[in-house]
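This report describes selected features of one protein model. Please consult the sequence and the structure shown below while reading.

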Amino acid sequence: MNDQQKRKLRADYKFAPTYYGVIQIENTLNHKIFIESVANLHNRWGYYQLNLNQNFYHGTPLQIDWLRDVT
(Lines give C-alpha, C1' and ligand atoms only; values in the text may rest on other atoms or scores of the structure.)
Protein backbone atom coordinates (compact mmCIF):
# COMPACT_ATOMS: atom_id res chain seq x y z
CA MET A 1 0.00 0.00 0.00
CA ASN A 2 1.53 3.30 -1.04
CA ASP A 3 1.34 6.63 0.83
CA GLN A 4 -1.49 7.99 -1.31
CA GLN A 5 -3.65 4.94 -0.57
CA LYS A 6 -2.88 5.25 3.14
CA ARG A 7 -3.90 8.93 3.15
CA LYS A 8 -7.17 8.10 1.39
CA LEU A 9 -7.89 5.29 3.83
CA ARG A 10 -7.27 7.61 6.82
CA ALA A 11 -9.52 10.30 5.31
CA ASP A 12 -12.28 7.77 4.63
CA TYR A 13 -12.05 6.53 8.22
CA LYS A 14 -12.06 10.06 9.62
CA PHE A 15 -15.25 11.00 7.76
CA ALA A 16 -17.09 7.69 8.19
CA PRO A 17 -20.46 8.13 9.91
CA THR A 18 -20.83 7.18 13.55
CA TYR A 19 -23.99 5.33 14.48
CA TYR A 20 -25.06 6.24 18.01
CA GLY A 21 -27.65 4.15 19.72
CA VAL A 22 -28.76 2.14 22.71
CA ILE A 23 -28.00 -1.51 23.42
CA GLN A 24 -30.46 -3.54 25.45
CA ILE A 25 -29.63 -7.07 26.56
CA GLU A 26 -32.49 -8.94 28.24
CA ASN A 27 -32.22 -12.17 30.17
CA THR A 28 -35.13 -14.21 28.83
CA LEU A 29 -35.33 -16.34 32.00
CA ASN A 30 -35.56 -13.67 34.72
CA HIS A 31 -36.20 -10.62 32.47
CA LYS A 32 -33.36 -8.55 33.91
CA ILE A 33 -32.30 -5.85 31.45
CA PHE A 34 -28.89 -4.30 30.78
CA ILE A 35 -29.03 -0.98 28.90
CA GLU A 36 -26.14 1.15 27.63
CA SER A 37 -25.82 4.03 25.17
CA VAL A 38 -23.02 3.49 22.67
CA ALA A 39 -21.19 5.51 20.04
CA ASN A 40 -20.63 2.67 17.57
CA LEU A 41 -23.83 0.69 17.43
CA HIS A 42 -22.81 -1.59 14.55
CA ASN A 43 -19.81 -3.12 16.32
CA ARG A 44 -20.99 -3.09 19.92
CA TRP A 45 -23.11 -6.26 19.99
CA GLY A 46 -20.18 -8.33 18.75
CA TYR A 47 -17.98 -6.65 21.36
CA TYR A 48 -20.36 -7.66 24.16
CA GLN A 49 -20.71 -11.22 22.91
CA LEU A 50 -16.95 -11.66 22.67
CA ASN A 51 -16.30 -10.23 26.13
CA LEU A 52 -19.13 -12.14 27.79
CA ASN A 53 -18.01 -15.41 26.21
CA GLN A 54 -14.46 -14.75 27.48
CA ASN A 55 -15.69 -13.94 31.03
CA PHE A 56 -14.38 -10.36 30.79
CA TYR A 57 -17.06 -8.96 33.15
CA HIS A 58 -16.35 -11.56 35.87
CA GLY A 59 -18.39 -11.12 39.04
CA THR A 60 -20.98 -8.77 37.52
CA PRO A 61 -24.67 -9.72 37.46
CA LEU A 62 -24.63 -9.50 33.65
CA GLN A 63 -21.73 -11.99 33.40
CA ILE A 64 -23.25 -14.34 35.98
CA ASP A 65 -26.57 -14.44 34.12
CA TRP A 66 -24.77 -14.86 30.76
CA LEU A 67 -22.76 -17.86 31.99
CA ARG A 68 -25.80 -19.45 33.64
CA ASP A 69 -27.89 -19.10 30.46
CA VAL A 70 -25.18 -20.14 27.99
CA THR A 71 -23.98 -23.26 29.81
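Is Tyr48 buried or exposed? Tyr48 is buried, because its relative accessibility is 3%; buried means under 20% relative accessible area, exposed over 50%, and partly exposed in between (1.4 Å probe, protein chains only).

## Basis of the report

The model is predicted: local features need pLDDT of at least 70, side-chain atom pairs count only at pLDDT 80 or more, and totals for chains, interfaces and linings use all residues. Residues are numbered from 1 along each chain as its sequence is written, and side-chain values use heavy atoms, with hydrogens and water left out.

## The strands

Strand β1 covers residues 21-26, and strand β2 covers residues 33-38. Helices (H or I, at least four residues) and strands (E, at least two) are DSSP runs, numbered from the N terminus. The two strands run antiparallel and are joined by six bridges; strands pair if DSSP finds at least two bridges between them. Ile23 stands opposite Glu36 of β2. In the hairpin, six residues lie between the strands, and His31 takes a positive phi near 60°.

In a regular strand, side chains alternate between the two faces of the sheet. In β1, Gly21, Ile23 and Ile25 form the covered face, while Val22, Gln24 and Glu26 form the uncovered one. Val22 is exposed, with a relative accessible area of 56%.

## Aromatic pairs

Rings of Phe, Tyr and Trp (its six-membered ring) pair if their centres lie within 6.5 Å; planes under 30 degrees apart count as stacked, over 60 as edge-to-face and the rest as tilted. This rule gives five aromatic pairs. One of them joins Phe34 and Tyr48 edge-to-face, at 5.7 Å centre to centre and with 75° between the planes. The pair links distant parts of the chain, since Phe34 is in β2 and Tyr48 is in helix α2 (residues 41-53), 14 residues apart. Phe34 is partly exposed, with a relative accessible area of 26%.

Why is the pair of Trp45 and Trp66 edge-to-face? The ring centres are 6.5 Å apart and the planes stand at 70°, so the pair falls in that class. Trp45 lies in helix α2 and Trp66 in helix α3 (residues 61-70), so the pair ties together parts 21 residues apart in sequence. Trp45 is partly exposed at 38% relative accessibility, whereas Trp66 is buried, with a relative accessible area of 17%.

Ring pairs also link Phe34, Tyr47, Tyr48, Phe56 and Tyr57 into a cluster.
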